[in-house]
Amino acid sequence: MADLSKLILRMSGISLDEAAPELNRLLHRDGSHIAQDWLNRRDNMVQSLLNHNSFYRARVGNFSGGWSQLPIMQKSDYQGDLKTLISSQYRSEDLYISSTSGSSGHPFHFAKTKRSHALTWAITRYLYAQHGVEPEDMQARFYGIPKEPLDYYKEKLKDFFLNRRRFPVFDLSDEALAKFVQRFEAKAFHYLYGYANSLLLFAEYLERNKIVLKTCCPALKCCITTSEMCSPEDRALMSRAFGVKVINEFGSSETGIMAFENPEGEWVLNTLNQYFEVVDDKGTILPEGEEGNLLVTDLYNDAFPFVRYAIGDRASIRSEITDGRRKYILNSLSGRINDTILLPSGK
């Protein structure tokens, strides 16, 4: 199944094998050179966009200042015609095209070079492997799914090739959750993945019914929560109910993983292919440790202007040096807490 997942990516022009050398280089950079490499890629990315992306060039205007003078990009900035947002050296058919979920109220389509998208996939696999999760492991995916027939079947096909089984979160009634348990009893799932709020409701159901999921499904290794906040109390409850460790992921469809919990329990920022800043409401860069609006810059995708992009969350960042290498840790994160509606039908 691992070969199938690589195959479906390769059929889309995305080669993980081609991304491997760059990931290896990033992981083994000399610690003293990482910061400069980061800044060089950041500045080269902006120069490429100014040269080839008319939308971003117009948005920047007569730029003569430093990095902090570049505009902060909002989600609403990207809601125009996708073709007008793509850099001129690329054709849309040669890129990976997708869209955001729209949960923020500002949905938009975006483009990524296939090289940068391959690197995003390679980094994801590297981060998951730290917790013993391999590409061939079967995923129980607590996620939404499009309602339109074409998009629905596209997602189902992707699930098949990527060894995922979908647990739709549109109905989390006790009746639906009981059927979820039956699926875990019948199939050897290796890990849970999905919205923190949906996984929490499932965990609460299990605890009410005195069920530990790992006793029903011994193959379970861990649970990875994403997209929403997961409080320490919620995390403890999920760990009890699932019988496995709970790992926090922070990411989005347009950026990939921005932070991932390492085996030591630190929520480490993904600085392999992204650059981060924290600014106040006026756009001033804040000192390390202070909470503000989180900005992210994609260091490899010069097809689309994800530069100083306000992802929509507030955060604080701290850094520390380990074995001569500086790592950046997501010290706090505010935002992305979804709620649940109980309908008269019980759904």
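The structure is a predicted model, in which local features need pLDDT of at least 70, side-chain atom pairs count only at pLDDT 80 or more, and totals for chains, interfaces and linings use all residues. Residues are numbered from 1 along each chain as its sequence is written, and side-chain values use heavy atoms, with hydrogens and water left out. A search of the whole structure finds 20 salt bridges (a side-chain nitrogen of Lys or Arg within 4 Å of a carboxyl oxygen of Asp or Glu), while the structure holds zero disulfides (a disulfide being a pair of cysteine sulfur atoms within 2.5 Å).

**Salt bridges**

- Glu22 and Arg25 form a salt bridge in which the closest N and O atoms are 2.9 Å apart; the two residues are three apart in helix 2 (residues 16-27), and are thus separated by about one helical turn. Helices (H or I, at least four residues) and strands (E, at least two) are DSSP runs, numbered from the N terminus.
- Glu22 is buried at a relative accessible area of 16%, whereas Arg25, at 34%, counts as partly exposed. Here buried means under 20% relative accessible area, exposed means over 50%, and partly exposed lies in between (1.4 Å probe, protein chains only).
- A network of salt bridges links Glu22, Arg25, Arg29 and Asp37.
- Glu261 pairs with Arg235 in a salt bridge whose closest N and O atoms are 2.5 Å apart; because Glu261 lies in strand 8 (residues 256-261) and Arg235 in helix 11 (residues 232-242), the pair ties together parts that are 26 residues apart in sequence. Glu261 counts as buried at 7% relative accessibility, and Arg235 is partly exposed at 25%.
- Glu291 forms a salt bridge with Arg314, with 3.8 Å between the closest N and O atoms; Glu291 lies in the loop between strand 10 (274-279) and strand 11, and Arg314 in strand 12 (residues 309-322), so the pair ties together parts that are 23 residues apart in sequence. Glu291 is partly exposed, with a relative accessible area of 35%, and Arg314 is partly exposed as well, at 32%.

- Asp298, placed in strand 11 (residues 292-298), is buried yet has no salt bridge, and the nearest side chain of opposite charge, that of Lys112, is 4.4 Å away. For charge, Lys and Arg count as positive and Asp and Glu as negative, while His and the chain ends are not counted.
- The side chain of Asp298 reaches the backbone nitrogen of Tyr300 at 2.9 Å and the backbone nitrogen of Asn301 at 3.1 Å.
- Leaving aside neighbours within four places in sequence, Asp298 is in contact (heavy atoms within 4.5 Å) with Met45, Lys112, Asn273 and Phe306.

**Leu192 and its surroundings**

- Leu192 sits in strand 5 (residues 191-195) and is buried, with a relative accessible area of 0%.
- Not counting residues up to four places away in sequence, the residues that Leu192 touches include Ala140, Phe142, Phe184, Leu199, Phe202 and Leu213.
- The C-alpha atoms of Leu192 and Ile247 are separated by 10 Å, the two residues being 55 apart along the chain.

**Helix 6**

- Among the buried residues of helix 6 are Ser116, His117, Ala118, Leu119 and Thr120.

**Cysteines**

- Cys216 is buried at 19% relative accessibility, and its sulfur is 8.1 Å from the closest cysteine sulfur, in Cys217, which is too far for a bond.
- Cys230 is buried at 14%, and its sulfur is 7.8 Å from the closest cysteine sulfur, in Cys223, again too far for a bond.

**Positive phi angles**

- Most residues other than glycine have a negative phi.
- Asn163 has a positive phi near 60 degrees; Asn163 lies in the loop between helix 7 (149-161) and strand 4 (164-168) and counts as buried at 5% relative accessibility.
- Lys210, also not a glycine, has a positive phi of about 55 degrees; Lys210 is placed in the loop between helix 9 (196-208) and helix 10 (213-216) and is exposed, with a relative accessible area of 78%.

Key:
Polar contact = N/O pair within 3.5 Å; in protein donor to acceptor, adjacent residues only side chain to side chain.
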